[in-house]
Amino acid sequence: MYLQLQDLLGDFTSPCVMDCKIGVRTYLEEELAKAKEKPKLRKDMYEKMIQIDPNAPTEEEHRLKGVTKPRYMVWRETISSTATLGFRIEGIKKSDGKSSKDFKTTKTREQIMQAFQDFTNGFPHALPKYIQRLKAIKATLEVSDFFSSHEVIGSSLLFVHDKTNANVWLIDFAKTLVLPNGMSISHSSKWIVGNHEDGYLIGLNNLISIFTEMHETLTDPASSLLPAPPVTTIVTAASDISEDERLTGADNT
């Protein structure tokens, strides 16, 4: 057994890099359960919440100036495209070195597409290569015994392109855990507490759909008049728990 490291940016010159966190949630079920054991009001999480949306806390939470960790964990997913599209943009670094992590409330398909267009603008070869790579990743995952028997939480897809090349890699596996009691999951079903579904393929399918629509619009402007494909919407089990950040580095395992 050994660990192999690879510099994913080694073959690129002044690359553009994007980190997309995949799945309908970024916390393990056991993390949620532990947070619910002895829920206490957190002022720091309340302040983070009102900084993004002053209307997000309830009247009671405003009065107490605190929210519980389970409440914050679920709310955090609902303000981004994690809950609606099964992925969210964590950060983007352009070829000129400028970077941004200001995607906390980038939620709709249109907002995501605008961010992707800015990311790939001036690099027309990137879209078809990204689409090809994403489809290859999907095909591999769908027949993977490892994938069907593991919960993949907080993992990302790293998109990298320069003037001549483009590629995508799976990265970040700290929360990739074997499922209990020989369970298997589809990675495309609705998550309900206890079923361990992570929505990985929901996010992957929506990425393929969005990049494909962008590519078709570039190659055939008339296609932009066609209705957008339906968006897969995921509603996390907020009712079950309502009581109560980085650009990825250039390493891969």
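Modeller: Helices (H or I, at least four residues) and strands (E, at least two) are DSSP runs, numbered from the N terminus. The model is predicted, so local features need pLDDT of at least 70, side-chain atom pairs count only at pLDDT 80 or more, and totals for chains, interfaces and linings use all residues. Residues are numbered from 1 along each chain as its sequence is written, and side-chain values use heavy atoms, with hydrogens and water left out.

Leaving aside residues up to four places away in sequence, His196 touches Arg25, Glu29, Glu151, Leu179, Pro180, Met183, Ile185 and Trp191, where contact means heavy atoms within 4.5 Å.

Asn181 lies in the loop between β8 and α9 as well. Asn181 is exposed, because its relative accessible area is 81%. Its phi is near 55°, a positive value in a residue other than glycine. Asp172, in the loop between β7 (166-171) and β8, also has a positive phi, of about 65°, although it is not a glycine. With 25% relative accessibility, Asp172 counts as partly exposed.

From these loops we may turn to the helices. In helix α2 (residues 43-52), Met45, Tyr46 and Met49 are buried. They lie on the same side of α2 because they cover an arc of only 105° around the axis, taken from the directions from the helix axis to the C-beta atoms. Lys43 and Gln51, on the other side of α2, are exposed. The buried residues of α2 pack against α3 (59-64) and α4 (69-78).

Helix α4 also holds Tyr72 and Trp75, three residues apart, about one turn of the helix. Tyr72 is buried, with a relative accessible area of 12%, and Trp75 is buried at 7%. The rings of Phe87 and Phe116 are stacked, since their centres are 6.1 Å apart and their planes at 15° (rings of Phe, Tyr and Trp, the last by its six-membered ring, pair if their centres lie within 6.5 Å; planes under 30 degrees apart count as stacked, over 60 as edge-to-face and the rest as tilted). Phe87 lies in strand β3 (residues 87-93) and Phe116 in helix α6 (residues 109-120), so the pair ties together parts that are 29 residues apart in sequence. Phe87 counts as buried at 0% relative accessibility, and Phe116 likewise counts as buried at 0%. One aromatic cluster is formed by Phe87, Phe116, Phe119, Tyr130, Phe159 and Phe211. By the pairing rule, the count comes to ten aromatic pairs. Tyr72 and Trp75 form a tilted one, with 5.7 Å centre to centre and 45° between the planes.

Notes
Buried means under 20% relative accessible area, exposed over 50%, partly exposed in between (1.4 Å probe, protein chains only).
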